[in-house]
Amino acid sequence: MKAKQEFKVVPRLPEKLASLKRMAYNVFFSWHSEIRDIFQRIDPQLWEASGHNPVVLMGLVEQSRLDELAQDAGFVSQLEEVSHRFDLYMSAPPIDQGQTCVAYFSAEFGLTTCVPIYSGGLGILAGDHLKSASDLNIPLVGVGLLYQEGYFAQYLNNDGWQMENYPNNNFDAMPVQQIKDQNGQPLKVYVNFKDRQAAIAVWRVPVGRVPLYVLDTDLDENPPDIRATTAQLYGGDREMRIRQEIVLGVGGVRALKAMGITPSVIHMNEGHSAFSALERINILRRENGLSFDAAREVVQASTVFTTHTPVPAGNDTFHPDLARAYLEEYGKELGISWPVLLGYGRVNPRDDNEAFGVTPLSLRLASHANGVSKLHGLVSRRMWQSIWPKTPVEDTPIDSVTNGIHVSSWASREISRLYSRYLGQDWKEDPDPERIWQFISQIPLSELWRAHCHCRERLIAFARRALFRQLKRQGAPASSLQRAMEIFSPDTLTIGFARRFATYKRATLLFSDPDRLSRILNNPERPIQIIVAGKAHPQDNDGKAFIKKIIHFSREDRFSNRILFIENYNIFLACLLTAGCDVWLNNPRRPLEACGTSGMKALANGVLNLSILDGWWDEGYAPQYGWAIGSGEEEANQELQDLTESQALYNLLERQVAPSFYNRTVDGIPLAWCEMMRASVRDLVPRFSSHRMVRDYYERFYKQCSDRYNHLTANGFQVATEQAAWRQKLMTSWSSVAVLELTGDTGGEKTVGEKVALTALTRLGDLTPEDVTVEVYYGPMDHQGDFTDRETLTMSPVAQENGVWRYTACLDCRQAGRFGYTVRVTPSRDKLGNPFVMGLVTWA
């Protein structure tokens, strides 16, 4: 039986407590413990029962308790102080007001446990991006999807096999609020799925100063299959995936427009939102009468794309027939034929057998693309270089911006108090992190150690309760339940391994030699305990087998008090683990870890990293900060690589990690260990924070994209129209461009400090020097004559005769060695934000 009508009852907040609602509906509380303290003080038991969700808490608390608190002078005083700081934060004007507006698109956002619309690292990164944009007051909005079930809840059966449960999200019990139109009705936008229309509702999640808009298809007016589009994160088949990406990309842009938001920059976090670029083109054509080419100039110049996937198979592709069914009619709105649109999504547009990929589409429609670490940038350039076949790998237009973490979201309460005491109360929003984090040196090692020991104690207490619940659900006997509450010691060296159970992350590497591992863990003088957590994708049976293998190890007598797997890894558990472990273990197969931000979260708490040199650790590692497994080798023989690196891991644990941890002063403090903790926090946290990351995006990409957007859209899009015509001129004339002759004063040997004069005779055909950039491409060479590094130097046109231009330049001989040079011609750097995106280049 269903109700005929429904209505909602909300708490009647006394006027003195009115600010509670504002703070409950802003996930600012997730990185400000003083706000969480306020809600906990309302009713500590209800706070725990609510899962630390202030919206649920406010729906459960008795009205009489609220009335009582309104008369509690101490509570009211505390609330006024906290809400005053919150209001000051919210009222600060954004930087660059009115010039830049960034829309950040992502399929998932990990903000806090009570907004379960994330699965793992990609979503956590997106959430941290919004939080840092808020703290730095960068004008940015987020766009994502609001899933009815989100990602699955994990539990294990008695054999240790992962099972999935999909609890429904109750939006009324989450800090989300539906957007209404000017008539007070729910705002809706529409997209087409083949020949059917899908209605989309829009919700808002305030993330500090940054609004996150999330889209929802679970509406009565939609048929059941369309309602299910936003049911599960990464659920369903390929047709469900293309529908989700149409909702996110096309629907997201339409939702922003319906709310009166016109971004000057779109940042696509992975290829799931690639269709946002097409919809921006569509709107520019429809509303301003632009050609596809002119609209593309505007969109490409103002789009940033971040790729996170280091293997081709991890990038979304769709069979041409499926893509055609959903996109061919849309292509007609764009003013291009289906083969042209299909070509945008292919590495080789002429390969009729190639699938339609959202990563090639994103790369072609962005002026800035980047990987998420320096090594991943190199991997991505190699992986996608064939899109620009005439461009060397090092010039493939994919840069890198190393990921970071939102420190104040991940630093534990104890560690945050230390930071506030020694860095100042405003460390969370300080614009000069390099300066402020140097004050970490003032923290006494004894204080740092005590704070960390509190974190470890809390983790062990939680681990015992978690194991008790797991065993009780599985029907374990009372004796096992009793042992669960005694497992592990809060004084033992604790290693954490928690992440997505993809096979390349090699969760079982540590268990390669069980006998040796047992001797290491059960050393009576230097014992070690290991806590493992993480989810395998529901369709990844190999990843599930890894979990099962670890569970079976943990049940052996020799490991029963040394290895523990905790179910249902989420943000709350991640916070406990990254604060309470002593060592954070990461052993992916290099170079398949794009970045690996979990180690950064541990770093923010002074936890030491023990990792393969992959992702961020390839940049961050030094012996004073932690340990490296291997030396960055990449083996073709995976079996040999696993054997070599597992033995290296055991050696480090036996000979360096455990001895250092247990080498104590008379006060029980491991001084050398604590020195490493303090040094790693002082030197690495500012480098690997999301504040640094977002500033990098803003200074390197967002500002430039926004300036180009404003330039191209001025005067009725005149510049965009002219640039589209110029690009067409380049495309039709480029075949005539050639470097006819290259000469230089390079005879014999040169000494350091000398100059080398170069001349290039270049035919430009119908083009002029204003249309192109001619550069010397030079650098040291190896014994085979290949460049080992390279620099470029722009050449100057000095004369023209019979259609041939003479360009000159002088090279400085700055160091000794074997050097070489050549010359290349590309489209003008002054006219294109990125001259390589067109794929036009001519070499001498």
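A crossing of two helices is left-handed if the near helix is turned anticlockwise from the far one by less than a right angle, and right-handed if clockwise. Helices here are DSSP runs of H or I with at least four residues, numbered from the N terminus.

The model is predicted: local features need pLDDT of at least 70, side-chain atom pairs count only at pLDDT 80 or more, and totals for chains, interfaces and linings use all residues. Residues are numbered from 1 along each chain as its sequence is written, and side-chain values use heavy atoms, with hydrogens and water left out.

**Stop 1: H11 and H28**

Select helix H11, residues 292-301, and helix H28, residues 690-733. H11 passes H28 in a right-handed crossing. Their axes (lines fitted to C-alpha atoms over the stretch in contact, with angles from 0 to 180 degrees between N-to-C directions) come within 8 Å and cross at roughly 140 degrees. H11 and H28 are therefore oblique to each other; angles under 35 degrees count as roughly parallel, over 145 as roughly antiparallel, 65 to 115 as roughly perpendicular and the rest as oblique.

Now show side chains in contact, that is, with heavy atoms within 4.5 Å. On H11 they include Asp293, Arg296 and Val298, and on H28 they include Tyr709, Leu712 and Phe717. The residues of this contact divide into 9 nonpolar, 5 polar and 5 charged. Ala, Val, Leu, Ile, Met, Phe, Trp, Tyr, Cys and Pro count as nonpolar, Asp, Glu, Lys and Arg as charged, and the others, Gly among them, as polar.

**Stop 2: the cores**

A nonpolar core is a set of buried Ala, Val, Leu, Ile, Met, Phe, Trp, Tyr and Cys residues joined through side-chain atoms within 4.5 Å. Buried means under 20% relative accessible area, exposed over 50%, and partly exposed in between, with a 1.4 Å probe and protein chains only.

Select Phe39, Ile42, Ile246, Phe275, Leu327 and Tyr702, which have the most contacts inside the largest core, of 142 residues. H28 gives the most to this core, with 13 residues. Apart from it lies another core, of 105 residues, among them Phe497 and Cys674.

**Stop 3: Glu68**

Glu68 lies in helix H5, residues 63-70.

**Stop 4: H19 and H23**

Select helix H19 (residues 445-473) and helix H23 (residues 571-580), which pack at about 135 degrees with their axes 8 Å apart. H19 passes H23 in a left-handed crossing.

Note on methods: Helices (H or I, at least four residues) and strands (E, at least two) are DSSP runs, numbered from the N terminus.
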